[in-house]
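Here's a friendly walk through one protein model. Have a look at the sequence and the fold, then read on.

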Amino acid sequence: MAIRVSPGNLIADVIYHLDDDNCLSITYDAQTDKPCPVNLTNHAYFNLDAHHGDARQHRLQLHADRYLPVDSEGIPNAPLKAVAGTSFDFTQPKPVMDDFLADDDQKAVKGYDHAFLLNTAGDSSQPAAELWSADGKLALTVFTAAPALQFYSGNYLDGTRAREQGSYTAFQGIALESEFYRIRPTIPNGRSLIAGCNPATAGSL
C-alpha cells in the first residue's frame, strides 16, 4: 500500500477479514490533521492457475464502460474513453491475452495498467469484476465501494523477487486495485476522497 499525502499528517488503519466463505474483506479508515487527498488501495497479485504461468490466459470481466488513458509514466493524459470497440472492452468475459497490446493506449505502458470507471458507482453489493483461471475451475469476484478499479496485467513484474524462491516473470500475476480517481482534474465531476480535519473517512474494498 503506497501512501503519498500532503500537507497533513495521516493515521491510517487497515483491517483484513477472511470469513468461512473464503471472502477476504479489506476496510480502510483514515484520519488527518489537515484536509488532504487520501487514496488507499491494495496491490495484491492474483494467479488462479494451478501452475502459476502467464496470467494473461485468465478470463476477465470488468463492469465498466469507460477507462482513463495514461502516458508512459502511468499518468492520466486524456479524458475518459468509452471501452466499446476497443481492446479495453471487458464488459463480457474474455481472455486478457485476446486484445493484448492491440492499441497505443496499451503500448504506452506495455499492457494494461489503467483505471476503469465502474458502473457499480460505489454499490458494494454488486460485483465490480470477475476473474477466472484459464481452465475455468477457480474464480475471483471483486466487490468494492470505490468508484474505480485499476487493472494491471503485471507488465513490469519480470525479475521481481518471488515470495517462495526465485523471481517472477512478466505477466505472472494480475492486480485489480479498488481506488478513487487518481487525478481528479482530468475527470469532469470526478469523485475523489479528500479527508478533512479530525473526522475519519472510511472505505471498504
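## What counts as a pocket

On a 1 Å grid over the protein atoms alone, a pocket is an open set of points where a 1.4 Å probe fits, with protein on both sides within 12 Å along at least five of seven lines; a lining residue has an atom within 4 Å of a point. Grid points are joined across faces, edges and corners, and the volume is the space filled by probe spheres set on them.

This is a predicted model, where local features need pLDDT of at least 70 and side-chain atom pairs 80 or more, while totals for chains, interfaces and linings use all residues. Numbering starts from 1 along each chain, and side-chain values use heavy atoms, leaving out hydrogens and water.

## The second largest pocket

The second largest pocket holds about 700 Å³ of space. Its lining has 27 residues, and Leu-24, Phe-46, Leu-140, Thr-141 and Val-142 sit nearest the centre. Strands E1 (10-18), E2 (24-32), E10 (139-143) and E12 (175-179) each supply two or more lining residues, with E10 giving the most, at 5. Strands here are DSSP runs of at least two residues (E), numbered from the N terminus.

## The sheet with E10

E10 also belongs to an open, antiparallel sheet of 4 strands, ordered E7-E4-E9-E10. E7 (94-95) and E10 are at the edges with a single partner strand each, so one side of each has no neighbour in the sheet. Two strands pair if DSSP finds at least two bridges between them. E4 (residues 59-62) and E7 are joined by 2 bridges, and Leu-60 has Lys-94 in E7 as its bridge partner.
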